[in-house]
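Please walk me through this protein structure, one part at a time.

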Amino acid sequence: MKFQSTRNKNLRLDSAETILKGLSDDGGLFVPVEIPVLKKGEIAKLSKLGYCERAKRIFAKFMTDFSEEELLECAEKAYIGNFENEEPAPIVKLGESVYMLELWHGPTCAFKDMALQILPYFLVKSAEKAGDGKKTVILTATSGDTGKAALEGFCDVEGTEIIVFYPDNGVSKIQQLQMQTQKGKNVAVCGVKGNFDDTQTAVKTIFTDEKIRSELAENGKSFSSANSINVGRLLPQVVYYISAYADLVADGEIEDGETINVTVPTGNFGNILAAYYAKRMGVPFGKLICASNANNVLTDFLSTGEYNVNREFFMTESPSMDILVSSNLERLVFELCGKDDGYVREVMKSLREHREYHVPDEILGKIKETFAAGYTDDCGAENRIKMLFEEYSYLCDTHTAVAVEVYEKYKAETGDRTKTIIASTASPYKFPRAVLKSISGANEADDFEAAKKIEVLSGLPMPKQLSELLEKEPRFTFVCEREEMAEFVLSTVGGGC
């Protein structure tokens, strides 16, 4: 199996090389040359296996330069002992046809743990296979959850350093504290004046800056990424969708081969793209329902074929989705345009220069065959949190609430009653003020006071790794302008320190 760049399909690398690079030198994203297909009866076999064994078998279809023993070792190190009740991705049934895929039982209480607990092990193995002896510098932009999950995953991992940039005032207080209090000798964190799109764009620019890369190379270092632009992030996400379907088969909730829909709250498109890959592999997913908050650029694109970033940017109560430039959408466009890398280059150039692009009706038709899309504002998400709590005694975070609200709108508009998996992406305690207001109407200025009140109302304890944040002293409080990010990178790792 080889991986090719979306902007140069003649550039083909093994998975180890792909994971090490993270982003192609031409600015493109790596995708598998061919998406492997599950064999007949394979889902039934997977349904009888544990999570790590399932992960090994799915990874083996993509990462053919790794042995199955290596892949199982990576999976076991990532998922055993690091997730609550030893269940990385449990499913909770709500009503007759909705299944909440809870992806937030890892060390940072967000779905990013599912990929970022295993990525460091992939990276170390990749460096052994394809590395040139250089230390890997992980450079990452975060809209909230990726940052902490990456910092936790790479903390003191030999041969790596990690720098995380986050938008100042663009993440929740708990998300910020999680990053600012991170332990480890090889980590650095910096706030950026601006929004996530500003931060992400600057990180991509640093990645492809030849001068910066040369300076790092002189000091025996090279860049890689922990963002979802890295294939090593995307593949573990494919696993949890296939595993969820296998779980439902194993539990007798669905028949093997039965069609089921998937709803995903997403801003950067990586999480729902993983569901798309699973569908392409042969998992009988029907509609993939893309849920957005007020920053509904994806809803517009999936509905009209127009991607236009020239719009107002909203800071919402679901900040991890406060994104207008969705990196992983490039991978979908590449697949749907027949892997025409020249076309992708034109589209990305238009996005860069004019902040918009359009796809033809042929591509839009393919999109609508698979995807549905909708959005809701903070009020809609707040009401949905309240309804779920009152009807099912189920407590969810703001992002998950966006997904449930959009799903309910989709069901009402289409009459589609197909059983549906909804990706639940974060613990409600990562956004306690918004959750408390939703279930009680109370406004609480302090996250931790809000969390205490939620515990009383719900009986659900706040995860220890979050409650302990209040006692930790922040290590990283520096905030810079977007134009100063490259200087921060070089001052942190460029000089060999």
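Helices here are DSSP runs of H or I with at least four residues, numbered from the N terminus. By that rule, Q175 is found in helix α8, which covers residues 173-180. The model is a predicted one.

Is Q175 buried or exposed? A residue counts as buried under 20% relative accessible area, and Q175 has a relative accessible area of 0%, so Q175 is buried. A polar atom of the Q175 side chain lies 2.9 Å from the backbone nitrogen of S172. Leaving out residues up to four places away in sequence, Q175 touches S143, G144, D145, P319, S320, K430 and F431.

Helix α9 comprises residues 196-207. The helix has 12 residues, and the distance from its first C-alpha to its last is 16 Å, close to the 16 Å expected at 1.5 Å a residue. At its N-terminal end, α9 is capped by N195. A side-chain oxygen of N195 lies 3.0 Å from the backbone nitrogen of D197. The buried residues in α9 are F196, D197, T199, Q200, A202, V203, I206 and F207. An α-helix has 3.6 residues a turn, so residues three or four places apart point the same way.

Next come helices that pack in pairs. Two packed helices are described by the angle between their axes and the distance between the axes. For helix α4 (residues 68-79) and helix α6 (residues 119-130), the angle is about 150° and the axes are 9 Å apart. That angle makes α4 roughly antiparallel to α6. On the α4 side, E70, L71, E73, C74, K77 and A78 meet Y121, F122, K125 and K129 of α6.

A second pair consists of helix α12 (residues 270-281) and α14, with an angle of about 30° and axes 10 Å apart. These two helices are therefore roughly parallel to each other. Their contact involves L273, Y276, Y277 and R280 from α12, together with R331, L332, E335 and L336 from α14.

Covering residues 329-336, α14 lies across β1, β2 and β3 and runs at about 45° to β3. In what order do the three strands stand in their sheet? The open sheet has the order β2-β1-β3, with antiparallel pairing. Its edge strands, β2 (8-13) and β3 (30-32), each pair on one side only. Neighbouring strands in this sheet are turned by 40° against each other on average, direction ignored. Strand β1 (residues 3-5) is joined to β3 over three bridges in the antiparallel sense, and Q4 stands opposite V31 in β3.

Another strand, β4, spans residues 91-94 and includes L94. L94 counts as buried because its relative accessibility is 7%. Apart from neighbours within four places in sequence, L94 is in contact with M100, L388, Y392 and Y394. L94 and G257 are 163 residues apart in sequence, and their C-alpha atoms are 22 Å apart in space.

Is D361 buried or exposed? Its relative accessibility is 66%, so D361 counts as exposed. Along the chain, D361 and T304 are 57 residues apart, while 8.9 Å separates their C-alpha atoms.

Conventions. Residues numbered from 1 in each chain as written. Predicted model: local features only at pLDDT ≥ 70, side-chain atom pairs only at ≥ 80, totals over all residues. Heavy atoms only, no water. Pairing = 2+ DSSP bridges. Axes fitted to C-alpha atoms, helices over the stretch in contact; angles between N-to-C directions. Contact = heavy atoms within 4.5 Å. Expected span 1.5 Å × (residues − 1). Buried < 20%, exposed > 50% of the residue type's maximum accessible area, 1.4 Å probe, protein only. Polar contact = N/O pair within 3.5 Å; in protein donor to acceptor, adjacent residues only side chain to side chain. Parallel < 35°, antiparallel > 145°, perpendicular 65-115°, else oblique.
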